Amino acid sequence: MFYREAGQFKTSYKADQALFPILQDRIGMAVILIIAFVVIPAFANDFFLTSIMIPFLVFALAAIGLNILTGYCGQLSLGTGAFMGVGAYAAYKLTSIFPDANVIVMVLVSGVFSAAIGAVFGLPSLRIKGLYLAVTTLAAQFFLEWCFIRIPWLYNYNASGAIEVPRREMFGFIVTGAEALPITRYFVVLCITAGIAYLMANVLRGRIGRSWMMIRDMDIAAELMGVRPLRTKLMAFAVSSYICGVAGAMMVFFWLNAAEPSSYSIRLSFQILFMVILGGLGSLGGAFMGAAFIWILPVLLKFVPGLLGIDIAAETVEHATFMIVGALIIFFLIAEPHGFARLWQIAKQKLRVWPFPY
Amino acid sequence: MRDFKQLAIGAAVAVGVGLTGVMAPAAQAQDSNYVPLLTYRTGPYAGSGIHIANGMHDYLKMLNERDGGIGGVKLELEECETGYNAQKGVECYEATKGKGALVYNPYSTGITLQLIPKASVDKIPVLSMGYGLSAAADGNVFPWVFNVPDTYWDGASVVIKYIGQQEGGLENLKGKKIGYIFLDAGYGREPIPLLEQLAEKYGFELLQYAVPGAEMQNQSSQWLNVRRDRPDYMVMWGWGAMNPTAIKEAVKIRFPMDKFIGVWWSAGDDDAAAGGDGAKGYKAMNFSGVGSDFPALADIQEHVIDAGLSSTDAASVGGTLYNRGVLNSVIIAEGIRTAQELTGKKVITGEDMRMGLEALDLDEARLEELGLKGFAHPMKVTCEDHAGSHPVFIQQWNGEKWQQASDWIEPMTDLVRPLLEAAAKEYAEKNAPWPARTEPCPN
Amino acid sequence: MLYDIFIDPFVQMYDMPDFFLQVLWEGFVAGILYALIALGFVLIFKASGVFNFAQGIMVVFAALTLVGFHENGVPAYMALVLTVFVMGILAYGVERIVMRPLVNQPEIILLMATIGLTYFLVGFGEFVFGGEPKQMITEELGLPTGSTAFEIGERGLIILQHIDIAAAVIAVIMVTALGIFFNKTRIGRALRAVADDHQAALSVGISLNQIWAIVWFAAGLVALATGIMWGARSDVSFALEIVAFKALPVLILGGFTSIPGAIVGGLIIGFGEKIGELYWGGLVGGGVESWLAYIIALVFLLFRPQGLFGERIIERI
């Protein structure tokens, strides 16, 4: 009843092929965008912006990147963290080589470098499949991490071995560095994430996206039908790494402000993989939901004991958070292995037929 | 579908409760000084982190219990668990800074680097005691960052000086081989430029052995290399699980332990104890007291541990890292006290705290007053020098506990200081426009 | 440059034969330890198709439980028995709570579930035992400590750690025992039947649930043995979990389903890594161990995509 699409007639191919063909979806999307662009900036405090929204959007973008590779093209990767690192280091080098260039352009360009590196590490995927491939992407993870430490040129020979984000302005607003207001950084991150998500939503339902899905579902069959596996797989690796690279660059430029190689460790790869799987493989909305669950839930859990007036040690909360998150991951996998995206579909179906379930 | 419903309700409740916490305005206490402690009792570095966290917490708690706080104002303590993880470190910072935080002690090089540019913006000083960015010692460039009593470069120069003493003079270092085993991260790499410079100056050969973070507990290759190269001395810059493993491996290849010297972060009691009997003779630098034979520690025992206000295991009081945590808190407490004296306010702000730390003068008399005579070398901060390059001593493991094995050794300030200033200048240039110092100097 | 790459390392090996032997020995020991971790993975993968990421944390958990019991005054051998018992409970719990509801899910979901299990065990382990590193109770368990040195020639010296020898012996015993168990006992045959074909096994009356619990228990025992050995070499702490990643290249090298593969793969990685690090690592600044194993595995894999001993992958449409 709430989600009834009866009566919404399409009179042109264009209307039928629209990104959101159903009216309710359009309304829902509009509400989400209004909340994101108007309500949150108007009411949220700094902590909410810097520690919840910005990381959430950065992770959501990274999850979209990995989702393209794993969810849409079926190539399991555990090297996401390193690809994000490539983006971060590339953006850092670019801003120090071209100090006057627009920092957002630099962040977007940095993804090209991680796309190139991603494509190189994607080469074995032609021969190696499934979990074996996952382990070989670990080679990329550890090798690149080693490079971040061992190639001082990458971090401009800083004695600290870390990259630090300098202050950059754009249209009179400080967008990076410590003085940048959370709200400015939030808007930049929001625009980039929303823009890339919109772009990918269109790419994925087009020819390229479909060929990725063919490779995922059965690569030999796809090959027989004229999809070139080499090109398609490498393109998936490149696009995925590009997005992850941009996310990685945003992570250091708009969120952390400084990063050590260990910020892009294997743990980050797992974090992103969790988001993708829990959110739902092969779903852009799922990437957002997964990112929200994995990032926001632990942050919120920290506040629970304080509010309930229970005085427990900080580390106990941390232990409890680990246990709860671990248990919830298992629980959700059991309850719905296809992730939140599927839960949302089920909910949608319920709303559609409510109050007369059949 | 029952699952589904429960799930939805459970999730809604959890999110709701959490959100109110996030959105609730930070309660600014008017009658206490708020000190957040970024600690880690979990994760791969917990082994070192727990003792430090205990020491920091217990001393400040003791001041609350014994004296009712500092200057008659209680301290409000809050621990935030970072797990030595940069993401969580920033989150802890953002969560606590709104509550009127006076000072941050990140206990992680990565988190320190993230906080350094924020410190001047949010007007909250960062106290990275003996770690973090060495260049921050230049108070003119980094008015908000304090790394008393020493930087890593001070430490590296002390090690070389000490080795020189053992060999009967620095000139005898010529032709010697000194191995440097370090955690392969910014932390371990920082001393290398100075060590290379010293190697050139005194004619010894510097051999480097990097231990990647993921391989902390798997060091047999590094130590096989050590065995092949046969260095005369080994110097270690390790942390967390790297330390005990390195000591065990050194014992294994029968390296003479009295020629194996660790930085002050490789000086934990558990680290050395892991090597068993073979670790006897292992040395490490230190700048905080050895043992629990100090009146202030007895007060902690009485007012905090015996009163059940802490999770500290009584046996660990007096351990190197525990005492390090205590010293950290002593500096915080003295900073607050000095700030109160300077401003005449009882409840101070981060800006006052910065003044207090900059005017810090912990002399013999004051240490004795605090019940910590001989616990640390008297230390003084000036506006130019936020580290102070204070003397350090070498302690030695006798198989059961640490014993002081040398007098206080002055760092080679003449070499270190120009390096620090150059590094500070470079940092400011790379992060241009870096704000010029406008903060007044209290001295 | 070419000289450094192609000739110098061999000259070094020839010049210091004692050192070369020592490197080989260290490589052998490391290989055995990697193989032990990999063995746990293989057992579970073979029987249930689950890529058990939690093996690493199970190693830590088992070792911590053992030390934890001992710290609370339980005699060493008693603690060992109790730990075995705990690993049994864990195996049953995992089978009952995690694996059973996830039957027939794609492998990536099962993989995720084990990573979820890892999170849970990290939190739980730290909650119960605290985050401090602990000392392995090597002596109390009657394992040898100390070392024997062989002098060769004038200044040649090879040092063998007794604990490493013990590790090798235990690994051999373990593999033999597992081999006998798999090949000669009724449950072992059932295990192999399940590994071959779940449905066929079910149809001849083999209880999948029971088999899985047994397999997880066996993996738990392997984890305990691994934990004791690694713990004796360094410390028992949560950082040890990361070492378990080292088992992954071993696995892809040996194939996910082959026990001999795990051993051979472990040895190849162990030797390759130590020789690579000590004779070639210096050319790029050392510390190559963190990724060298993966590269070795990758190279092998390009020629044999199913691993050295893996079952041949046959693709059908």
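Analyst: What follows sets computed values against the definitions behind them.

User: How do you know what confidence and numbering conventions apply here?

Analyst: The model is predicted, with local features requiring pLDDT of at least 70 and side-chain atom pairs counted only at pLDDT 80 or more, while totals for chains, interfaces and linings use all residues. Residues are numbered from 1 along each chain as its sequence is written, and chains are lettered from A and ligands numbered from 1 in the order in which they are written.

User: What makes B:Gly289 count as buried?

Analyst: A residue is buried if 20 or more other C-beta atoms, placed from the backbone, lie within 10 Å of its own, exposed if 12 or fewer, and partly exposed in between. B:Gly289 has 23 C-beta neighbours inside 10 Å and therefore counts as buried. B:Gly289 sits in the loop between strand S9 (283–286) and helix H11 (295–305) of chain B, where helices (H or I, at least four residues) and strands (E, at least two) are DSSP runs numbered from the N terminus.

User: Which residues is B:Gly289 in contact with, leaving aside its neighbours within four places in sequence?

Analyst: Two residues are in contact if their C-beta atoms, placed from the backbone, lie within 7 Å. With neighbours within four places in sequence left aside, B:Gly289 is in contact with B:Phe294, B:Asn323, B:Gly374, B:Phe375 and B:Ala376. B:Ala279, by contrast, is 10 residues from B:Gly289 in sequence and lies 21 Å from B:Gly289 in space, C-alpha to C-alpha.

User: What pairs with S9(B) on the side of strand S8 (residues 260–262) of chain B, and what with strand S12 (residues 393–397) of chain B?

Analyst: Two strands pair if DSSP finds at least two bridges between them. S8(B) and S9(B) run parallel and are joined by two bridges, with B:Ile261 opposite B:Lys283. S9(B) and S12(B) run antiparallel and are joined by four bridges, and the bridge partner of B:Asn286 in S12(B) is B:Phe393. Along S9(B), B:Lys283 and B:Met285 point one way and B:Ala284 and B:Asn286 the other way, and all are buried.

User: Why are S6 and strand S13 (402–404) of chain B said to stand at the edges?

Analyst: The open sheet has seven strands in the order S6-S5-S7-S8-S9-S12-S13 of chain B, with mixed pairing. S6(B) and S13(B) each have a single partner strand, so one side of each is left without a neighbour in the sheet. The twist from one strand to the next averages 25°. Within this sheet, strand S5 (residues 177–183) and strand S7 (residues 233–237) of chain B run parallel and are joined by five bridges, B:Phe182 having B:Trp237 as its bridge partner in S7(B).

User: At what angle does H8(B) run to S6(B)?

Analyst: Axes are lines fitted to C-alpha atoms, for helices over the stretch in contact, and angles run from 0 to 180 degrees between N-to-C directions. H8(B) lies across S5, S6 and S7 of chain B and runs at about 165° to S6(B).

User: What makes helix H13 (residues 350–358) of chain B mostly covered?

Analyst: Eight of the nine residues of H13(B) are buried, among them B:Met353, B:Arg354 and B:Leu357. What covers the buried residues of H13(B) includes strand S3 (126–127), strand S4 (145–146) and H12 of chain B.

User: How many residues of chain A are in contact with chain B, and how do they divide by class?

Analyst: The contact involves 41 residues of chain A and 47 residues of chain B. H12(A) gives the most to the side of chain A that touches chain B, with seven residues. That side divides into 22 nonpolar, 12 polar and seven charged residues, where Ala, Val, Leu, Ile, Met, Phe, Trp, Tyr, Cys and Pro count as nonpolar, Asp, Glu, Lys and Arg as charged, and the others, Gly among them, as polar.
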